[in-house]
Amino acid sequence: MESSGLFHRSWSKTKWVGTIPGRYRLELRHLRYFVVVARERNFTRAAEVLHIAQPPLSRQIQQLEEELGVTLIERGSRPIRLTAGGKLLYEQAVQILERIDDLKAMTRRVSNTTQTHFSIGFVGSTLYGYLPEVVRRYRATRPDVELSLLEFTTLEQIVALKEGRIDVGFGRIPFDDPAVDRILLRNEKMIVALPSNHALLESRAPLMMRDLVDQPVVVYPKAPRPSFADQVLALIRRAGVKPAAVYEVREVQTALGLVAAETGVCIVPASVERLRRDNVVYRSLDEPDAVTPIIMSTRKGDPSEEIKVILKLIRELYRKEGITFGT
């Protein structure tokens, strides 16, 4: 596995278990302390958060620097500023600690044989559709199951499935992986969000992609990619539309905020219309390929009874709502 010079040097000299004569032992608490200091940007506040005195906290950070052989914090900076090595360690430490927390949760799940655990991963936009109702029905059907809901991008769901952190994922990006089974639940129509005083609202007729020529367009999420933003940009390219500008933001709420501020227009899944916003008006989009898939992902060949229950509930809900499954 590739690593930076910082971590290559650290791993070559440091053991996580056991001690090295004449050296400190690098422990998880060093990383936890460092992350809090980096976040608070102040030793006093960090000590309060950690419920320890400031001098011992300062010594722990000094020990960490000595163990790694790297200066992590710029001396004399107020508020605290991290060095280049400190920034790298912070990014990696956050991931390590999150992974440790996930492992703890997974271990508890495996050791607890008296209760079934089921974890669902989802992209945020699915919450505006039928997923909340599916979850409500699942809880009513399986009251003895401990259910967890975790927000992940589609690509993060693939990793989480393979690592056992979730049991099923609901995303929007087609992504093939030999270790994952994927089921197309339905294709959701896209619509256009416009400022409430936009000239295109003079007509109540559905919009065409050509109507968006020379319009500034807001897309989301900015990262990670590929994402729903790439679906929208591909739709724009196929239609031969050249926007006046493209603004990339992190989430749909921010995108709609920019629409309300008359910064541009935004193409969103139809279910987002439920997320009402002042000074934003929605119009349907009369384009046959203006759709975004909702895809259910599971581990390859997973025989879990809970997955079967979820799928059954989705089919029942779709029938009730007049939605054709898989199209």
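**Figure 1. Arg274 and the ring of Tyr130.** In this predicted model, the charged end of Arg274 sits over the ring of Tyr130. The distance to the ring centre is 5.4 Å. Tyr130 also belongs to a cluster, linked by ring pairs, with Tyr318 and Phe325. Phe325 has a charged neighbour too: Arg315 lies over its face, at 4.0 Å from the ring centre.

**Figure 2. Aromatic pairs.** How many aromatic pairs does a search of the whole structure find? The search gives 4. One of them joins Tyr220 and Phe228, with 5.3 Å from centre to centre. Their planes stand at 40°, and the pair is tilted. Tyr220 is buried because its relative accessible area, 7%, is under 20%. Phe228 is buried as well, at 7% relative accessibility. Tyr318 and Phe325 form another tilted pair, 6.2 Å centre to centre and with 50° between the planes. Are these two partners buried or partly exposed? Tyr318 is buried, with a relative accessible area of 4%. Phe325, at 23%, counts as partly exposed.

**Figure 3. The largest nonpolar core.** This core holds 36 residues. Which of them touch the most other members? They are Tyr220 and Ile267. Six elements are named here as giving two or more residues to the core: the strands β4 (180–195), β5 (216–219), β7 (265–269) and β8 (280–284), and the helices α8 (228–238) and α9 (252–260). The largest share, 6 residues, comes from α8.

**Figure 4. Helix α9 and its cover.** The buried residues in α9 include Val252, Ala255, Leu256, Gly257 and Val259. An α-helix has 3.6 residues a turn, so residues three or four places apart point the same way. What covers the buried residues of α9? The cover includes β4, β5, β7 and β8. After α9 comes Glu262, in the loop between α9 and β7. Glu262 has a positive phi of about 65° although it is not a glycine.

Figure 5. Most residues other than glycine have a negative phi, and most peptide bonds are trans. Asp214 has a positive phi of about 65°. Its place is in the loop between β4 and β5. Asp214 counts as exposed, because its 57% relative accessibility is over 50%. Two cis peptide bonds are shown next. The bond from Tyr220 to Pro221 is cis, with omega near -10°. The bond from Ala223 to Pro224 is cis too, with omega near -5°. Where are these prolines found? Pro221 is in the loop between β5 and α8, and Pro224 is in the loop between β5 and α8.

**Figure 6. The second largest pocket.** Its volume is about 460 Å³. The lining is made of 23 residues. Which of them lie nearest its centre? They are Val123, Gly124, Ser125, Glu151 and Pro221. The helices α7 (154–163) and α9 each give two or more residues to the lining.

Figure 7. Ser271 is found in the loop between β7 and β8. Is Ser271 buried or exposed? At 8% relative accessibility, Ser271 counts as buried. Leaving aside residues up to four places away in sequence, Ser271 touches Ser125, Tyr128, Gly129, Arg172 and Glu188. Ser125 is also among the residues nearest the centre of the second largest pocket.

**Figure 8. The largest cavity.** Rolling a probe the size of a water molecule over the atoms shows where empty space is left. The largest cavity has about 120 Å³ of space. Its lining includes Thr126, Gly129, Tyr130, Leu131, Val134, Phe170, Leu185 and Tyr318. Which elements each supply at least two residues of this lining? They are α6 (131–141), β4 and α10 (305–321). Tyr130 and Tyr318, both in the lining, are also members of the ring cluster with Phe325.

Notes
Residues numbered from 1 in each chain as written. Predicted model: local features only at pLDDT ≥ 70, side-chain atom pairs only at ≥ 80, totals over all residues. Heavy atoms only, no water. Phe/Tyr/Trp six-rings, centres within 6.5 Å; stacked < 30°, edge-to-face > 60°. Buried < 20%, exposed > 50% of the residue type's maximum accessible area, 1.4 Å probe, protein only. Lys NZ or Arg CZ within 6 Å of the ring centre and 35° of its normal. Core = buried A, V, L, I, M, F, W, Y, C linked by side-chain atoms within 4.5 Å. Helix = DSSP H or I, 4+ residues; strand = E, 2+ residues; numbered from the N terminus. Contact = heavy atoms within 4.5 Å. 1 Å grid on protein atoms, 1.4 Å probe; cavity = no way out; pocket = protein on both sides within 12 Å on 5 of 7 lines; lining within 4 Å. Points joined across faces, edges and corners; volume = space filled by probe spheres on them.
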